[in-house]
Amino acid sequence: MGAANLSVLLLLLAPTGFSAGGDAPRQYYTSWCKHSEKPYYYRWYYFKPSADDKEHRYHYAIYYPSRGKRMYLYNPHNKKFWGYYDVEAKGYSLLPPERRRERLDDIPAEAFPKPGKMPPIPDSRDGTAMLEPPNDLPKLTDLPD
């Protein structure tokens, strides 16, 4: 599936209209969903760049079982992969802006730095670190087709 098709599919599936009222956390991850035709899973990462923002923004965490225990983060607004979270190393590999691409296959493995601490919440102004994703990678048999 091309990146354009992935973007359209994910946008169509994205929950809409979420407003951060009351006790809504500043950032969180949803449960995993299995792609209906391809061998990967995805979840939404919701965040507010500023603690006083009224609505959340979102990116996607995409897990390809064939690529190891990594959740790749994808920004659907600029249509680029920007890093991955390594479940085993419990660290984040943040791609430099010039290495980010629309297709994961267009990013050479050596472009990813060694995983380290979590980066700031996207577009944040206060430097608050991203929430570490839950350590719950699905297996191909975990979710229904």
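User: OK, so where does serine 50 lie, and is it buried or exposed?

Analyst: Serine 50 lies in the loop between strands E3 and E4. Its relative accessibility is 16%, and because the cut-off for buried is under 20%, serine 50 counts as buried.

User: Which residues is serine 50 in contact with, leaving aside its neighbours in sequence?

Analyst: Once the neighbours within four places in sequence are set aside, serine 50 is in contact with Arg26 and Arg125.

User: Let's look at the strands on either side of that loop. How many residues of E3 are buried?

Analyst: E3 spans residues 41-47, and seven of its seven residues are buried, so that the strand is mostly covered. In a regular strand the side chains alternate between the two faces of the sheet. In E3 both faces are covered, with Tyr41, Arg43, Tyr45 and Phe47 buried on one side and Tyr42, Trp44 and Tyr46 buried on the other.

User: And how many in E4?

Analyst: E4, which takes in residues 57-63, is also described as mostly covered, with six of its seven residues buried.

User: Which other strands pair with E3?

Analyst: Strand E1, residues 27-29, runs antiparallel to E3 and is joined to it by three bridges, and within that pairing glutamine 27 stands opposite phenylalanine 47. Strand E2, residues 33-34, pairs with E3 in the antiparallel sense as well, over two bridges, and there lysine 34 stands opposite tyrosine 41. E2 and E3 form a hairpin, with six residues between them.

User: What about E4 and E5, how many bridges there?

Analyst: E4 and E5, the latter made of residues 70-75, pair in the antiparallel sense over four bridges, and tyrosine 60 stands opposite tyrosine 74 in E5.

User: Which glycine in that hairpin takes a positive phi?

Analyst: That is glycine 68, with a positive phi near 85 degrees, in a hairpin that has six residues between strands E4 and E5.

User: Changing topic, what does the whole chain look like?

Analyst: The protein chain has one helix and seven strands, and from the N terminus on its elements run α-β-β-β-β-β-β-β. Buried residues make up 42% of the 145 residues. Of the contacts with a separation of 6 or more, 46% involve residues 24 or more positions apart. The chain exposes about 8,100 Å², and carbon and sulfur atoms supply 50% of that area.

User: What is the average pLDDT, and where does it stay under 50?

Analyst: The chain averages a pLDDT of 86, and 80% of the residues score at least 70. Over residues 3-21, however, pLDDT stays under 50, although the model has 37 contacts beyond four places in sequence for this stretch. Where pLDDT is low, the predicted coordinates should not be read in detail.

Notes
Residues numbered from 1 in each chain as written. Heavy atoms only, no water. Buried < 20%, exposed > 50% of the residue type's maximum accessible area, 1.4 Å probe, protein only. Pairing = 2+ DSSP bridges. Contact = heavy atoms within 4.5 Å. pLDDT = per-residue confidence, 0-100. Areas by Shrake-Rupley, 256 points an atom, 1.4 Å probe, with all protein chains shown as cover.
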